[in-house]
Amino acid sequence: MNREELKAALLELCPSVIFDETGEFLNAEIPNDEFHSFMKSLREKNNFCFDSLFCLTCVDWKTHFTMVYHLLSREHKHQLVVKVKLTDRDHAEVETVCDIWKTAEFHEREVFDLFGVKFRNHPDLRRLFLDDNWPGFPLRKDYTDINMIEL
């Protein structure tokens, strides 16, 4: 499946998908309420067969967060980046995908620990690197610490 065929198939799956082709990868932005079913289809449908989630991260844009998922289909040799915009910074939440790709369990804990994004239905959502009593989330752009040094 080439990029145009992949885009057409993704649009058929989710008509509200928005594409960005400015980078190396095809990027698809999905509304938060359609995210989990979209991701499940990407994993299960034979024409997609995205069997590998090789990167999961978060970007803090000061006004909102964007969750970023890099997917690979080893069978079809195509890659896709799926993005979800989380507009409520104080209660940033998205459905977990660790029921679809087991590797997400670790990466979602990392994002929770450093950005404070909550993953609904995650089986073990707790801090990964920092102490449970650590105040705040150090990769948020509004994070402050009295011990920080301005460069």
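This is a predicted model: local features need pLDDT of at least 70, side-chain atom pairs count only at pLDDT 80 or more; totals for chains, interfaces and linings use all residues.
I number residues from 1 along each chain as its sequence is written, and side-chain values use heavy atoms, with hydrogens and water left out. Local features need pLDDT of at least 70 and side-chain atom pairs count only at pLDDT 80 or more, while totals for chains, interfaces and linings use all residues.

**Met39.** I found Met39 in helix H2 (helices are DSSP runs of H or I, at least four residues; strands are E runs, at least two; both numbered from the N terminus). Met39 is buried at 0% relative accessible area (buried is under 20%, exposed over 50%, partly exposed in between; 1.4 Å probe, protein chains only). Leaving aside neighbours within four places in sequence, its contacts (heavy atoms within 4.5 Å) include Tyr69, Val97 and Trp101. Met39 and Tyr69 sit 30 residues apart in sequence and 9.7 Å apart C-alpha to C-alpha.

**Salt bridges.** I get 13 of them, taking a side-chain nitrogen of Lys or Arg within 4 Å of a carboxyl oxygen of Asp or Glu. Arg89 pairs with Asp60, closest N and O 2.5 Å apart. Arg89 is in the loop between E5 and E6 and Asp60 is in strand E3, so the pair ties together parts 29 residues apart in sequence. Arg89 is buried at 12%, and Asp60 is buried at 4%.
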